[in-house]
Amino acid sequence: MGGNTLFEFRMLGFDIKIDSSWLFIAALITWSLASRWFPSVLSGYSLITHWLLGALGAAGFFISILLHEMGHSVVARNYGIPIKGITLFIFGGVAELGHNPKNPKQEFMVAAAGPLVSFLLGLLFFGIGGMVQSAGISIPLAAVLRYLFMINIILAIFNLVPAFPLDGGRIFRAILWKGFKDYGKATRWAAKTGMFFAYALMAWGVWDIFHGNYISGLWSFFIAMFLHNAAKSIAAHYPKK
Ligand SMILES: [Zn+2]
């Protein structure tokens, strides 16, 4: 990944880089939680509480993405695929593999590990949040946990959309690869599906903007552009012979 590294650390033997663009998403999440989500689910708390909870939510989101990428990385490493590093940047995270998986099963397992981690984290936050709420420990903390439950389930589902380069697109490529017995052809098909999804997401973003939801609309649009470019560039690596 290009860009500027804000800071770097090692965890479980992986190099973790935080790109400076991550600051933008951290600020955006904190702001939207503090100004919209928490005021709507927690009445009677101060503005400062909402902002502190927003920052806590953003930190939890950060850890959730990191663990999602760790999921991919641990499974890849178990197959003997070296991990160049994990980068967290404006559109989430990416675990850079040293080389492609050797067979469809490896690709499937590496891709599925991330959404599985997000799904399990969602369940974990749901469970802890329920306990915190019913034991009357802290209503604001329970609200943060409820947000983290929701965001992890959304991450799991969004990433499972069969649109390359999303995890679901990699799972789709693994299935095509097994069927076609041709990695290049599977990649071209998965990339085409990815580009189709990116156009749909762009249209959705534009629709959202025209309906006054500027931030979420622009966000969808930029994510769609990022996905489109990634799908297009991977397809270019495997031209039709
Ligand atoms: Zn993933």
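Two exercises with worked solutions follow, on a predicted model.

Residues are numbered from 1 along each chain as its sequence is written. In this predicted model, local features need pLDDT of at least 70, side-chain atom pairs count only at pLDDT 80 or more, totals for chains, interfaces and linings use all residues, and side-chain values use heavy atoms, with hydrogens and water left out.

**Exercise 1.** Which residues coordinate the zinc ion, and why is the arrangement irregular?

Step 1. Donors are N, O and S atoms within 2.8 Å of the metal (3.2 Å for Na, K and Ca); water is not among the atoms, so sites may look incomplete. His68 (NE2), His72 (NE2) and two OD atoms of Asp167 coordinate the zinc ion at 2.0 to 2.7 Å.

Step 2. The angles between the four donor atoms run from 54 to 149°, which makes the arrangement irregular. Four donors count as tetrahedral if all angles lie between 85 and 135 degrees; four count as square planar and six as octahedral if opposite donors are over 155 degrees apart and all others between 65 and 115; anything else is irregular.

**Exercise 2.** How many salt bridges does the rule find across the interface of domain 1 and domain 2?

Step 1. An automatic or database assignment sets the domain bounds: domain 1 is 1–160 and domain 2 is 162–241.

Step 2. A salt bridge is a side-chain nitrogen of Lys or Arg within 4 Å of a carboxyl oxygen of Asp or Glu. The rule finds one across this interface.

Step 3. Arginine 173 forms a salt bridge with glutamate 107, with the closest N and O atoms 2.7 Å apart.
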